[in-house]
Amino acid sequence: MSLNFDFEEEPSLSVIKPVEPQPKTITEISNEIKRFVEGNFNHVLIRGEIFGSKRADSGHWYLSLKDENAVLAAVCWRGVASNLKVKIEDGLEVIATGKITTFAGKSSYQLVIESLEPAGQGALLKLLEERKQQFIKEGLFDAAHKKPIPFLPETIGVVSSASGAVIRDIIHRIRDRFPSHIILWPTPVQGEGAAEKVAAAIRGFNALTKESPVKRPDVIIVARGGGSLEDLWPFNEEVVIRAVYDSEIPLISAVGHETDTMLIDYVSDKRAPTPTGAAEFAVPVKDELVSCLNILDNRMRSSIRRCLDEYKTRIEGLSRGIPNLQQILNESAQKLDYRLERLQIAMKNVLTQKKNTLALAELKPVYINTQIERYQERLQSLSARLEGVSVESVLKRGFAWVKGEHNQTVYNIAEAQKQTSLTIRFADGELNTSLSNAPQQTIRPKKAKKEEKPQATLFDF
């Protein structure tokens, strides 16, 4: 087998020329670096010591975080800085949360701080002391604001974790000493958001009223077991301190061990070294109260007996100075019996009188009706008598009524002679007479007897 190569035509040759790299602008490379950094470091937690902090006129903070070998520039915008838990201060060791970004203006990168918390025991103690002094200046820890713990509360409110030994210790201790109604408001006692929930529980107990389905407690216990300063830190937060200060219900704090002292202990009305101690402060020992009452009862009975014996002795001594004491007492007793007997008789008489008055009141309508009937009969009699002396009845009996020219009554001859006409009224009509042409006849009236009054006329009304 043979291979033949025919090279009658010249082979073509292609040459690849290298591409020249195109230059980038400063802005382009800065943007690429920015995207890379922010994409890989958009949420970081960094621990370091603050130094070189400075607040700008705009309200933004510019600072650096350092450790033994490196320095990281940082910035905290004004809106975030006003809500930080700690004050930005040189020398303070903190844990900063935020993101790494670049600043093209100086070809540098920096940490944009979103939250800041103290790191390390020293930093926490320093912050604790600063807050303590702040609250002291405001008067939140003054003894004048302390409320007395009720001696025997019916209902006890507890703010603590629903799980763990703390609530069990409180319940058992209260049941052993003096059983009372316990209401648990479960809350987290450490970690993020614990302070806000503890404060909300305290305010919630205070918001209860008589109309609420849950009874308002007479005292509140805020309790937590032991732990590190970081674990107990929620009980140093301002939101908790102000909630305790505003509480109308007396409050006992029992946070940590006996050697642990939180800011809540200064503002509470009573500080207990342990949760069990808080239960002991809340209620007394029932058996001790019963024993104390028995002792007081015995002392009272003994005092009464001594007083009676003393009075008896004094009376016996006085009786020896009165030889006829028994006779005086007998006479007084006799007077008392006599007055009691009279009192009983008087009471019977009063009752009898009241019964008669009541019976008379019941018969009074009948009596009134009888009186009305009598008055009606009398009125009818008077009406009949009045009818008998009326003008018509008198005229019917044969009398006549003489009137003058002016319709006046004429009583005698002398008056009649002065008239020009007379009207004589009879029972069945009237008669008019004229006296102008009639002969004048003088009729002398009879002389009236001395001291006799003129006779009244039937027509005088």
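Predicted model: local features only at pLDDT ≥ 70, side-chain atom pairs only at ≥ 80, totals over all residues.

Me: OK, the barrel. In what order do the strands close?

Reply: The order is E1-E2-E3-E5-E4, five strands with mixed pairing. From one strand to the next, the twist averages 50°. Strands are DSSP runs of at least two residues (E), helices are runs of at least four (H or I), and both are numbered from the N terminus. Two strands pair if DSSP finds at least two bridges between them. For the angles, axes are lines fitted to C-alpha atoms, for helices over the stretch in contact, and values run from 0 to 180 degrees between N-to-C directions.

Me: How many bridges join E4 to E5, and are they parallel or antiparallel?

Reply: E4 (residues 93-103) and E5 run antiparallel, with 10 bridges.

Me: What about E1 and E2?

Reply: E1 (residues 44-55) and E2 (residues 61-66) are antiparallel over five bridges, and Glu49 sits opposite Lys66. The two form a hairpin with five residues between them, where Gly59 in the turn has a positive phi of about 100°. E2 then continues to E3 by a hairpin of four residues, with six antiparallel bridges. Tyr62 is opposite Val75 in that pair.

Me: Which residue takes a positive phi in the hairpin of E4 and E5?

Reply: Ser107, near 50°, in a hairpin with four residues between the strands. Ser107 is not a glycine. Most residues other than glycine have a negative phi.

Me: Is Ser107 buried or exposed?

Reply: Ser107 is exposed, at a relative accessible area of 75%. Buried means under 20%, exposed over 50%, and partly exposed in between (1.4 Å probe, protein chains only). Asn407 is not a glycine either, and has a positive phi of about 65°. Asn407 lies in the loop between strand E11 (401-403) and helix H12 (413-417) and is exposed at 56%.

Me: Switching topic. What lines the second largest pocket?

Reply: The lining has 23 residues, with Lys85, Glu117, Glu230, Trp233 and Glu237 nearest the centre. E5 (108-118), H3 (121-138) and H5 (194-207) each supply at least two of the lining residues. The space is about 400 Å³. On a 1 Å grid over the protein atoms alone, a pocket is an open set of points with protein on both sides within 12 Å along at least five of seven lines, a cavity is a set where a 1.4 Å probe fits but cannot get out, and lining residues have an atom within 4 Å of a point. Points are joined across faces, edges and corners, and a volume is the space filled by probe spheres set on them.

Me: How does the pocket lining divide?

Reply: Into 10 nonpolar, four polar and nine charged residues. Ala, Val, Leu, Ile, Met, Phe, Trp, Tyr, Cys and Pro count as nonpolar, Asp, Glu, Lys and Arg as charged, and the others, Gly among them, as polar.

Me: How many cavities of 30 Å³ or more are there?

Reply: One. The lining includes Lys87, Leu92 and Glu130.

Conventions. Residues numbered from 1 in each chain as written. Heavy atoms only, no water.
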